[in-house]
Amino acid sequence: MLRWILGGREAQGTVESAALFIGEEQPKNCFTEMQVLKGHFDIVRFLVQIDDLRFASAGDDGLVLIWNVETGDCLFALRCHTQQITAMTSYTFIRGGNAHTALLTASSDRTLSLWDPDSGNRVQNISDLQSSVKCLLVLVRLDVWLSGGNELCVWNRDFELQCKTVHHSDAGISAMVELPKNFIAAAMDKEIVIFKLNLSGSDIAVMAMRHLADHQDTIHSLIHINDGLFASGSHIGELIIWDSVDWTIQSYEHILWEEPARDSQSEFRLNPQKQIERSIQHMSSDGEYIVAAVGSGLYVYNVLTKSVVAYRRIAHDSNVLHTVLQQDGRLMSCSEDGSVRMWELQDLPLPAEPASSGFFGMFGTFGRSSKQTGPPAKKIPEVPGLRSLELIGDLIGHSGAVQMFLSFKEKGLVTCSTDHLLIIWKDGELQSQLRSLAVFQKLEENQEL
């Protein structure tokens with residue numbers, strides 16, 4: 001299904017990759033129609049939802065485009081930044097008794113802009129920053145927003161700088177999450193810095209409270225799980241679950257690709273290539289589960305029971321860049337290989353199918369049996385509650401790496417890529433029903449029924 005567009009994609013040589021070739025028939029994949037959107041001239045890296053019908057896209061061309069997800073029309077082209085966009089988020093506030101959503105964008109040209117998506121106008125602009133902003137965080141409860149780079153800045157709704165703290169680090173702040181009691185967790189290279197916002201009347205001050213230096217390598221992902229927990233993932237596969245109040249470690253998992261050395265006391269070293277393959281590039285959570293993109297694999301973890309739910313060492317042919325957990329035990333992922341894949345958690349069959357050995361030392365692969373000429377694989381480790389992660393859909397349409405996706409539920413799924421394109425994937429059966437309904441309504445208007 002849809003493979004005829006680009007002539008299909010063959011399996012990539014390895015046994016696990018061949019086992020993941022799903023074929024044309026995908027009965028659980030509703031996305032049988034797609035609409036290609038053109039407008040960008042370089043890599044599209046960011047998608048942000050504005051409301052139920054609109055979203056914004058941005059990337060390396062410095063453009064911010066606003067689209068209608070139902071029609072695919074480009075509503076506005078926001079031109080201001082002279083270099084690539086480095087961060088983008090929405091900011092909803094109350095104006096005149098009504099909720100209004102604005103867009104915040106940051107660029108490597110060291111500017112910050114506030115946009116009105118209803119008019120396409122730039123409302124505010126800051127151009128005298130000391131460094132590029134790498135991440136943005138809106139604190140709705142305090143009606144302020146934060147920008148992170150080599151310095152952490154706190155701004156109010158009117159783009160007025162409230163306070164800032166300077167950090168002499170080349171890496172700077174790459175990600176931030178909100179914690180209870182006016183605390184913020186910020187990822188800076190190999191450590192997490194806990195900041196506190198002190199409020200005194202209309203004045204706000206920010207100060208660093210603690211440095212969490214438990215990671216051994218660069219932190220690539222930092223996410224909010226629920227009111228009591230947040231998580232971080234590193235370049236060498238370290239997944240740490242933190243308490244949001246006292247900032248203690250609640251769980252530590254080291255996700256490796258290979259089996260550990262026989263001597264458990266000796267350090268198991270990997271070559272540089274292997275280190276890249278097990279890097280945690282992205283994580284997402286629904287408050288109970290975490291799905292982590294680890295190299296080209298996926299890892300599902302239950303934060304409440306502190307146990308692994310399912311894992312796949314090879315889920316894509318290249319590194320996974322973005323993930324999201326859905327309802328009914330399903331999740332989605334996209335990759336540098338240009339695909340978007342749909343997965344379903346399923347109970348393991350009995351007896352268990354052959355899989356690679358090791359659990360916390362490496363990922364296994366579940367699914368269809370394949371012809372393997374090497375030595376017989378070992379049994380799946382006996383872990384209570386372990387489930388398989390089965391491929392149920394494969395969306396092929398982009399010719400470059402898919403950077404991320406954005407779900408509008410029944411209205412469709414939006415993807416962006418290094419091929420400069422956006423694609424809206426739609427439920428073919430639903431779209432057919434809507435077209436039939438539109439035809440009948442038109443005939444009724446013309447009194448032909």
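The legends below describe close-up views of one predicted model. Local features need pLDDT of at least 70 and side-chain atom pairs count only at pLDDT 80 or more, while totals for chains, interfaces and linings use all residues. Residues are numbered from 1 along each chain as its sequence is written, and side-chain values use heavy atoms, with hydrogens and water left out.

View 1. Tryptophan 67 lies in strand β4, residues 64-68 (strands are DSSP runs of E, at least two residues, numbered from the N terminus). Its relative accessible area is 2%, so tryptophan 67 is buried (under 20% relative accessible area, with a 1.4 Å probe and protein chains only). Leaving aside residues up to four places away in sequence, tryptophan 67 touches residues including Leu37, Phe55, Cys74 and Leu422 (contact means heavy atoms within 4.5 Å). The side chains of tryptophan 67 and serine 57 are joined by a polar contact of 2.9 Å (a pair of N or O atoms within 3.5 Å; within protein, one must be able to donate a hydrogen and the other to accept it, and residues adjacent in sequence count only if both atoms are side-chain atoms). Arginine 54 is 13 residues from tryptophan 67 along the chain, and their C-alpha atoms are separated by 5.5 Å.

**View 2. The sheet that contains β4.** Four strands form an open sheet in the order β2-β3-β4-β5, with antiparallel pairing (two strands pair if DSSP finds at least two bridges between them). Strands β2 (44-49) and β5 (74-78) stand at the edges with a single partner strand each, so one side of each has no neighbour in the sheet. The antiparallel pairing of β4 and β5 runs over four bridges. Isoleucine 66 has phenylalanine 76 in β5 as its bridge partner.

**View 3. Two aromatic pairs.** The structure holds seven aromatic pairs (rings of Phe, Tyr and Trp, the last by its six-membered ring, with centres within 6.5 Å; planes under 30 degrees apart count as stacked, over 60 as edge-to-face and the rest as tilted). The ring centres of phenylalanine 183 and tryptophan 247 are 5.1 Å apart and the planes are at 70°, so this pair is edge-to-face. Phenylalanine 183 is in strand β15 and tryptophan 247 in the loop between β20 (238-243) and β21 (249-254), 64 residues apart. Tyrosine 299 and tyrosine 301 form a stacked pair, with 6.4 Å centre to centre and 10° between the planes. Tyrosine 299 is buried at 3% relative accessibility, and tyrosine 301 is buried at 1%.

Conventions
Buried means under 20% relative accessible area, exposed over 50%, partly exposed in between (1.4 Å probe, protein chains only).
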